[in-house]
Amino acid sequence: MSAQVPVSLVEETALTPAAQWWQSAVIYQVYPRSFADGDGDGVGDLAGLMARLPYIAALGVDGIWMTPFQPSPQLDQGYDVTDYCGVDPLFGTMEQFDALLEQAHSLGLKILLDVVPNHCSSEHPLFQAALAAGPGSPERDMFHFVPAADPAADVPPNNWQSVFGGRAWSRANPESETDTDWYLHLFSAGQPDWNWRNPSVGDYFDGVLRFWFDKGVDGLRIDVAHALFKAEGLPDSPSTGGVVDGLRSNPQVSDQEEVHEVYRRWRTLAEKYSPHRLLVGEVNLEPARAARYTRADEMQQAFAFAFVKLGWDPAAWAAVGNDLETARQLHGGTPTWALENHDIVRSATRFGGGSLGAVRARAALVALLGLPGPAYIYQGQELGLPEVDVPVEARVDPMWARGGVCRDGARVPLPWTEDAERNHGFSLTEPAAEPWLPIPSGWGAQAIELQQQDPESSLALVTAALELRRKLWRNEVFGPNDGGTWRVEAGNMLICERNEHFFVAVAMGTEPVQLPAGTVLLSAAPLEQDGWLQPNNAAWVLRG
């Protein structure tokens, strides 16, 4: 690790910080099932997270985003909710959540939760009431129920495909001769879509937001934020799409103009609290369309999905970066950067796998943390964890069963200790049950306890980068209005000019490349020669 930092930059100053905390924030994504198991049942929980919160705080991040822990049949690992204002006993109790929130705030960590407004569980009381009430009832108007055109034929109302594979429609009561309704589910049959054209749905979710904001939760990440409204009349899609691409390929279920009014309403609600609450959108659209969700009166952040899925390709990075900057200048919202999450193949594997992928993932994370705007790190990314090839018989992802795509490999429990006892420290008590996903052999080699003792580890690098990032913000080398001008120079060196004082460089070619003039503040690996960046390395450079 290289960190050559001028004294003038590291001295503490009293300069005014960014206008809003989220403009400079780095958020650590916690997948509770796989973070830490406090009761030894093999599933991560709130007790485990509370016990390990000091680790997250020591990284130097600003907060955590927790994926769902609300009551659920767990068909889609919590994204099938039966009670938006509760805690699933699998994870703990509301009292434990309250204690977690208090502890996080005492450590200086914000708490963001997931809200899933596109769909719920088929076991949700309102969906069960809709099934019981029958065709044409007000209860069914809370969802998308459509009578069969031909009750004798197995033909759904349109050609829409589920993101998880297969058609996006199921019969409400296949055994009934009188109830011929189909219901819509863009994901699994156990996740019926809400009908956002019914004002009662919006009123219901206003109550959900108020519940968590009243508790002191600092913000919400909004699942499938662009797909709440479906086209009037539910017309056929011009494309049948398929697994993963099902939403983006079907314009009838995505990016309907009416959805923006939801986020204007929610932004107004969020700003009634002091401090204002944060809204973060999962908006899987092209940059020009996604940026519209972060206009001044809508959400404050939306993930830069075009960036999340990139491979090791400098031209692609530059093209996406410039598209995101163009969108920022047009609509005002700074991109929210991430390279991993619980749905994406881990970057160490995506960037080539093995030792090569590990080196590239390390460089990419350094680059990510130097880009203008907020950033998100997924648990284990700071360790350089690779994707795990989970045995077929142990896979639980519903996408695997329906469409042959498996996300389990990014969700394997974290290795806390080198020793395999208690599932490499994932379980905090004895006896410890087998973890909900199997832990591969050799997992302890990347354990947190080992990396904490190694000054050259990925964990040490990330911690140093986060500390330097905070200092650069405090000294106004970084600012909330920074943009990003991207280019590829000779030798496949990627450059992102953050402002006139600072740029990020990534060597994506096969030969060392000479850096533009400046002082190297940080590099993913030690520089072998001053002023030159070896392949698969990244650097932060200060001009002047």
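The dialogue below reads several features of a predicted model.

Me: How many bridges join strand 7 to strand 8?

Reply: Strand 7 (residues 219–222) and strand 8 (residues 278–281) run parallel and are joined by four bridges. Within this pairing, Arg221 stands opposite Val280 of strand 8.

Me: With which residue does Arg221 form a salt bridge?

Reply: In general, side chains of opposite charge can pair when their charged atoms come close. In this model Arg221 forms a salt bridge with Glu282, and the closest N and O atoms are 3.3 Å apart. The pair links distant parts of the chain: Arg221 belongs to strand 7, while Glu282 lies in the loop between strand 8 and helix 8 (287–290), 61 residues apart. Arg221 is buried, at a relative accessible area of 3%, and Glu282 is buried as well, at 11%.

Me: How many salt bridges are there, and what other pairs deserve a look?

Reply: The count comes to 31 salt bridges. One of them joins the side chains of Arg265 and Asp203, at 2.8 Å from N to O. This pair also links distant parts of the chain, with Arg265 in helix 7 (residues 259–270) and Asp203 in helix 6 (residues 199–215), 62 residues apart. Arg265 is partly exposed at 39% relative accessibility, and Asp203 is partly exposed at 48%. Another salt bridge joins Arg487 and Glu489, at 2.8 Å from N to O. Arg487 has 29% relative accessibility and counts as partly exposed; Glu489, with 26%, is partly exposed too. Salt bridges that share partners also join Asp76, Asp343, Asp397, Arg407 and Arg411 into one network.

Me: Which side chain of opposite charge is nearest to Arg362?

Reply: Arg362, in helix 12 (residues 354–370), is buried yet has no salt bridge. The nearest side chain of opposite charge is that of Glu456, 4.7 Å away, which is outside the 4 Å cut-off for a salt bridge. A polar atom of the Arg362 side chain does, however, lie 2.7 Å from the backbone oxygen of Ala524.

Me: How many disulfides does the count give?

Reply: A disulfide is a covalent bond between the sulfur atoms of two cysteines. The count here comes to zero disulfides. For Cys120, the closest cysteine sulfur is that of Cys85, 13 Å away and therefore too far for a bond.

Me: Is Cys120 buried or exposed?

Reply: Cys120 is buried, with a relative accessible area of 0%. Cys496 likewise counts as buried, at 3% relative accessibility.

Me: Which residues does Trp21 touch, and where does Trp21 lie?

Reply: Trp21 lies in the loop between helix 1 (7–10) and strand 1 (26–30). Leaving aside residues up to four places away in sequence, Trp21 touches Ile27, Lys110, Leu112, Asp218 and Leu278. The C-alpha atoms of Trp21 and Gly108 are separated by 12 Å, and these residues are 87 residues apart along the chain.

How values were computed. Residues numbered from 1 in each chain as written. Predicted model: local features only at pLDDT ≥ 70, side-chain atom pairs only at ≥ 80, totals over all residues. Heavy atoms only, no water. Helix = DSSP H or I, 4+ residues; strand = E, 2+ residues; numbered from the N terminus. Buried < 20%, exposed > 50% of the residue type's maximum accessible area, 1.4 Å probe, protein only. Lys, Arg positive; Asp, Glu negative; His and termini not counted. Polar contact = N/O pair within 3.5 Å; in protein donor to acceptor, adjacent residues only side chain to side chain. Pairing = 2+ DSSP bridges. Contact = heavy atoms within 4.5 Å. Disulfide = S-S within 2.5 Å.
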